[in-house]
Protein chains: 4
Amino acid sequence: MQCDELVEHGASVGESPAAIIKKCKYTIGMLSDPAAALSVVFDKDGVLEQIGPGKGYIDMSTVDAETSSKISEAITSKGGYFLEAPVSGSKKPAEDGQLVILAAGEKALYEEVLPAFDVLGKKSFFLGPVGNGAKMKLVVNMVMGSVMNAFSEGLVLADKSGLNSQTLLDVLDLGAIANPMFKLKGPSMIQSSYSPAFPLKHQQKDMRLALALGDENAVPMPVAAAANEAFKKARSMGLGDLDFSAVHETVKGSKSSG
Amino acid sequence: MQCDELVEHGASVGESPAAIIKKCKYTIGMLSDPAAALSVVFDKDGVLEQIGPGKGYIDMSTVDAETSSKISEAITSKGGYFLEAPVSGSKKPAEDGQLVILAAGEKALYEEVLPAFDVLGKKSFFLGPVGNGAKMKLVVNMVMGSVMNAFSEGLVLADKSGLNSQTLLDVLDLGAIANPMFKLKGPSMIQSSYSPAFPLKHQQKDMRLALALGDENAVPMPVAAAANEAFKKARSMGLGDLDFSAVHETVKGSKSSG
Amino acid sequence: MQCDELVEHGASVGESPAAIIKKCKYTIGMLSDPAAALSVVFDKDGVLEQIGPGKGYIDMSTVDAETSSKISEAITSKGGYFLEAPVSGSKKPAEDGQLVILAAGEKALYEEVLPAFDVLGKKSFFLGPVGNGAKMKLVVNMVMGSVMNAFSEGLVLADKSGLNSQTLLDVLDLGAIANPMFKLKGPSMIQSSYSPAFPLKHQQKDMRLALALGDENAVPMPVAAAANEAFKKARSMGLGDLDFSAVHETVKGSKSSG
Amino acid sequence: MQCDELVEHGASVGESPAAIIKKCKYTIGMLSDPAAALSVVFDKDGVLEQIGPGKGYIDMSTVDAETSSKISEAITSKGGYFLEAPVSGSKKPAEDGQLVILAAGEKALYEEVLPAFDVLGKKSFFLGPVGNGAKMKLVVNMVMGSVMNAFSEGLVLADKSGLNSQTLLDVLDLGAIANPMFKLKGPSMIQSSYSPAFPLKHQQKDMRLALALGDENAVPMPVAAAANEAFKKARSMGLGDLDFSAVHETVKGSKSSG
């Protein structure tokens, strides 16, 4: 069982979310998606049955603002404290304890669990009311998606213009926009290798949600919109389950001219 | 006179480009634009009058591929060696000796002047035939221009969505796309301050030329094209002489809704 | 009262939706928005209270597919027939009886009310299951929104290039893409006059919904996405309540160069 | 020989451009491209050898503004009159005498040859100084290229959303943006049939030139830029020699999801 190793290190296993809440002052949940995040709270033997004054629930799942608000309202109406705390960073940063924690909700709770956050991630932020954690994550992922497309276009342009792609990576890495993603993804993109760290369909979903957020607030985002369409094009080519860097395939043409 | 300080440090001043070429084995030129670069070579008392076998001319100006080719052909037809060597990086990297040199042309000449390049910049690359230096610079600047737009859209989206812009900078700086440009330009963009390090009209010109290069090679670049239109929009707003980060003004709206 | 003139021509006035449904075999509703469309059906004395076998309700409001489906399910679960029948065309076509009716739902009902549709509009279509009427309208409006932007860009390009805008209208009107919208909107756009026939914020909402539909089905729509961002830019400039042709203001720059 | 039929109808054949100019007060040329247009004027036995006061040369070729200016200067410096007169419309309108003539240059010459234009096309315009004919044609073709993309996106969105493509054509044909191009190209696009009336690579070249014209004049054209990238994508797929409606293939995905 997945928990065995943790138990050996001194952890104890709860029978249900409710049982854990009962035993602990603060409980952290990290679920795979909004449905799971809601189920752990609202279902039988869920968080809600035992949450109350003096107790806090921290949801580190990546969910939309509505899901977060729903959970927040239910918990606070029972007198409990709530914090949403999605993380920025994918597989590798998680393994290295290098995640960034984007917390929002009850500030007092944030301050109490900060020591735990300092172990889980390299840095945490308190962003204000519930929903702001989810929003910050969308903004960051939107910028990242556009930057990925800019990078891909540069790689193809270099290659088709007779320049060496690896040299472009070297030059970029010495300049004003040198960044870890170019370093990490560049070499595999050159080899058309897209083993999924962050699936393209999830990246595209985040771009869509960020564009929707921009729509609500009348923010024109033509570059993000163009990047989003490229990700959609990639989905239409059946690349949704590959890494988001597979958007590269939409830029590379099948023939060289016309 | 501008040269006095250098002369005090031991430099000598030539009367004309021809006089310098006559005296030196290798001469480096760094002119302000294509017209100046051509004039120094082709005008009376210019480089061409004294260039010949055993002598090399290195042009570090940022010029288009055609200008470079024209100079190259003239010099090699006289038996001289030529190298184009534009640099990547703007004001600050230049002052700090942190430029990246993008050399192309005569490889033997490149190898001979490498020690000088190592003093002038932090790193130099030899990119193949004349024209490739200019092309590499365009590709890099194109990616940078798109990234700037992605960044600007993120900053405005954060702000209009009730997030703190400075916090977004902090979060970005800890993540996969952390880069020097975000760090350098972010704080001033938040304050709508765009004192020109790299003028917007030059950035837009480079995007146009990169798009033209992509056109020749049938490379679709929808994100760069969207970014280019944003820079054009900024020009239409009279912002061409400000820093290229002034494209931020095209994303920020005058009213909050409608 | 608004109804007086109709009553003089022989119409009778019902006390409530329920009263009308009771009296009539088929009832047509045309409400201002989804909330009103739902209220007329679900509220006290609403359509649902009297609908049943042998009776039909036709909703000609412009609503989203979900609203339509909700109404459809409620009515059919009572044994009634339902047809959504939004119209394509704005103010002028409505006054001239030149609307196009986009019906979807119960085919038998469609066939029975066709004679009425033939009076109300110039042409009607039966499009299949409930929701397809709303979808068709979105597709049409999306194409229209992109075409409006293409037109606006052409008008500004002509003007800034020293061509006469009115002549462009004349040339376009003789060519392959001559269409009523260019003829109707062109002259007022040249004069920066945007009195609202179809408000920009509604056009932008339809583009957003069409893009969302494309997202669901992985259809890349880069031109519609660019057009949508231009409409959002217009909203950010406070132009949302003007005619959708006011997107023209986003293309016209404040100064001529930079 | 191509001319035989015309000769039977009373035409006479000239030995060379110079011979024709010598014989005629006004001469009309219609050549395939800029190179041919220049050759007919500047080569041995060309137009220039006989042009002079009292004689006019009308070039109906589609050429760029520079080519036109070059020819114009040469002819006017000999005392001759010049008119550029490219046509708007492709194969079918040409066969039907339905071309639109976009004349620019010497107004007096325009007025003298108007009767001939009235036979050759359905309508002609005088647009001012030489170059304006070429520019007007670019503006018109740019709008057309964007409209084609908007149309293609609509067709694919309808199809992928479960609507009938032919019905979309019917609905569009009754609405505000009904136009001959939708009617002509729609049915063949639905069948993925793109037999070239106007080759995609020529359309893309015109979009590029129109965007360059917009660049000169600081006109932001995000929708045209997105459309241009779609045409470039089509070129990268090897579709440059098909009809410009083949841009449709860039919107249609190979798989339905991801």
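Let me start with chains D and B: 18 residues of chain D are in contact with 18 residues of chain B, where contact means heavy atoms within 4.5 Å. This is a predicted model, in which local features need pLDDT of at least 70 and side-chain atom pairs count only at pLDDT 80 or more, while totals for chains, interfaces and linings use all residues. Residues are numbered from 1 along each chain as its sequence is written, chains are lettered from A and ligands numbered from 1 in the order in which they are written, and side-chain values use heavy atoms, with hydrogens and water left out.

Chain D and chain B bury about 1300 Å² between them, with 53% of it on carbon and sulfur atoms. Buried area is the accessible area (1.4 Å probe) that two parts lose on being put together, summed over both.

The rule finds four salt bridges across the interface of chain D and chain B. A salt bridge here is a side-chain nitrogen of Lys or Arg within 4 Å of a carboxyl oxygen of Asp or Glu. Asp215(B) and Arg208(D) also meet through their side chains in a salt bridge, at 3.0 Å from N to O.

Now chains B and A. Here 60 residues of chain B are in contact with 60 residues of chain A. The buried area between chain B and chain A is about 4900 Å², and carbon and sulfur atoms carry 78% of it. How many salt bridges are counted between chain B and chain A? The count is zero.

Over all chains, the count comes to 32 salt bridges. One within chain A joins Asp241(A) to Lys201(A), with the closest N and O atoms 2.5 Å apart. This pair links distant parts of the chain, 40 residues apart: Asp241(A) is in the loop between helix 11 and helix 12 of chain A, and Lys201(A) is in helix 10 (residues 200-216) of chain A. Helices are DSSP runs (H or I, at least four residues), numbered from the N terminus.

Staying with chain A, the domain assignment gives domain 1 (4-130) and domain 2 (135-251); such bounds come from an automatic or database assignment. The centres of the two domains of chain A, taken over C-alpha atoms, are 30 Å apart. Seven residues of domain 1 of chain A are in contact with four residues of domain 2 of chain A. Between these domains about 580 Å² is buried, 72% of it from carbon and sulfur atoms.

A search of the whole structure finds two cavities of 30 Å³ or more. A cavity is a set of points on a 1 Å grid over the protein atoms alone where a 1.4 Å probe fits but cannot get out, and lining residues have an atom within 4 Å of a point. Volume is the space filled by probe spheres set on the points, which are joined across faces, edges and corners.

The largest cavity has a volume of about 360 Å³. Its lining has 26 residues, and those nearest its centre are Glu229(A), Pro222(B), Pro222(C), Ala226(D) and Glu229(D). The second largest cavity has a volume of about 250 Å³. It is lined by 19 residues, and Pro222(A), Ala230(B), Lys233(B), Lys233(C) and Pro222(D) are the closest to its centre.

Terms used
1 Å grid on protein atoms, 1.4 Å probe; cavity = no way out; pocket = protein on both sides within 12 Å on 5 of 7 lines; lining within 4 Å. Helix = DSSP H or I, 4+ residues; strand = E, 2+ residues; numbered from the N terminus.
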